Amino acid sequence: MKTAATQRSARLLSIATAVAAWAIAGTALAQGVLVPQAPAAAPQDTLTRAATSVGIKRCLPAITRLATLTVQGSRGHDVLLDWDRKRPDDGPMFSLVGIQYPNAGVAASITAIPGDGGSCTVSAERISVAPFTCQSVAEQELKDYQMTRLLPIYAVYTDPKEPTSSVSLIDSPPGCLVIRRYVEYGWRDPSAAAAAPAPAAAPAGQAPKRR
């Protein structure tokens with residue numbers, strides 16, 4: 001026969017189990033389809049989790065690389081994602097990332113477009129406001145860059161060593177709007193290329209066939 005203490009312990013255990021199950025279910029529902037709960041052992045950036053949840057695979061390594069660099073050192077971030085619902089892994093993906101730093105807010109845009117033969121075209125933009133004049137930003141950070149003036153308030157800076165990147169400075173008194181842009185065409189996953197089987201060697205003593 002169970003004592004009163006044993007019965008109370010059983011009821012408390014049952015309540016604790018129910019509360020834990022409710023909390024887990026509530027978390028999953030609150031996160032929604034775009035932000036599934038990440039495994040505790042291997043947390044990912046929000047954009048990678050969102051892209052994975054909608055079926056994007058081919059360009060995911062490039063997305064992860066750009067997203068990880070974009071949110072590095074931030075206090076928190078969240079994502080607005082748009083993709084081809086009918087062809088998630090074959091169509092373009094567009095994202096807008098809001099990033100929170102201790103003393104500033106930053107926006108970033110990451111785009112991935114699948115190409116032929118497993119390649120991807122990827123681009124990333126990081127948009128921030130510097131509390132300085134654009135001239136002072138250029139003098140401090142872009143000394144070796146080439147400047148192209150598009151408007152009296154708008155200048156684009158490029159580095160010949162990095163032709164697919166640019167920094168745009170737009171005067172917005174009392175500060176400066178800074179847009180850092182990166183584009184890469186025909187990107188391929190280096191790990192996939194490394195994992196590809198090597199061509200079979202010709203048997204010893206036998207020269208390769210001419211074509």
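**Cavity, pocket and sheet architecture**

The largest cavity is lined by Ile56, Arg58, Cys59, Ile63, Pro88, Asp89, Gly91, Pro92, Met93, Ala112 and Pro114. The model is predicted: local features need pLDDT of at least 70 and side-chain atom pairs pLDDT 80 or more, whereas totals for chains, interfaces and linings use all residues. Residues are numbered from 1 along each chain as its sequence is written, and side-chain values use heavy atoms, without hydrogens or water.

The volume of the largest cavity is about 40 Å³. The count comes to 1 cavity of 30 Å³ or more. On a 1 Å grid over the protein atoms alone, a cavity is a set of points where a 1.4 Å probe fits but cannot get out; a pocket is an open set with protein on both sides within 12 Å along at least five of seven lines; lining residues have an atom within 4 Å of a point. Volumes are the space filled by probe spheres set on the points, which are joined across faces, edges and corners.

The largest pocket holds about 400 Å³ of space. Its lining comprises 21 residues, and Ala124, Arg126, Arg180, Arg181 and Tyr182 lie nearest the centre. H3, E3, E4, strand E7 (162–172) and E8 each give two or more residues to this lining. Helices (H or I, at least four residues) and strands (E, at least two) are DSSP runs, numbered from the N terminus.

Eight strands form an open sheet in the order E1-E2-E3-E4-E8-E7-E6-E5, with antiparallel pairing. Pairing requires at least two DSSP bridges between two strands. Strands E1 (76–83) and E5 (146–151) stand at the edges with a single partner strand each, so one side of each has no neighbour in the sheet. The twist averages 20° from one strand to the next. Axes are lines fitted to C-alpha atoms, for helices over the stretch in contact, with angles from 0 to 180 degrees between N-to-C directions. Strand E4 (residues 120–130) is joined to strand E8 (residues 175–187) by 10 bridges. Ala130 stands opposite Cys176 in E8.

Helix H2 (residues 46–53) lies across E1, strand E2 (93–101) and strand E3 (104–114), at about 30° to E1. Helix H3 (residues 60–71) touches E1, E2, E3, E4 and E8, and makes about 160° with the direction of E8. Contact means heavy atoms within 4.5 Å.

H2 is largely enclosed by the rest of the structure, because 6 of its 8 residues are buried. Buried means under 20% relative accessible area, exposed over 50% and partly exposed in between (1.4 Å probe, protein chains only). The buried residues of H2 pack against H3, E1, E2 and E3. Gly55 follows H2 and has a positive phi, near 100°.
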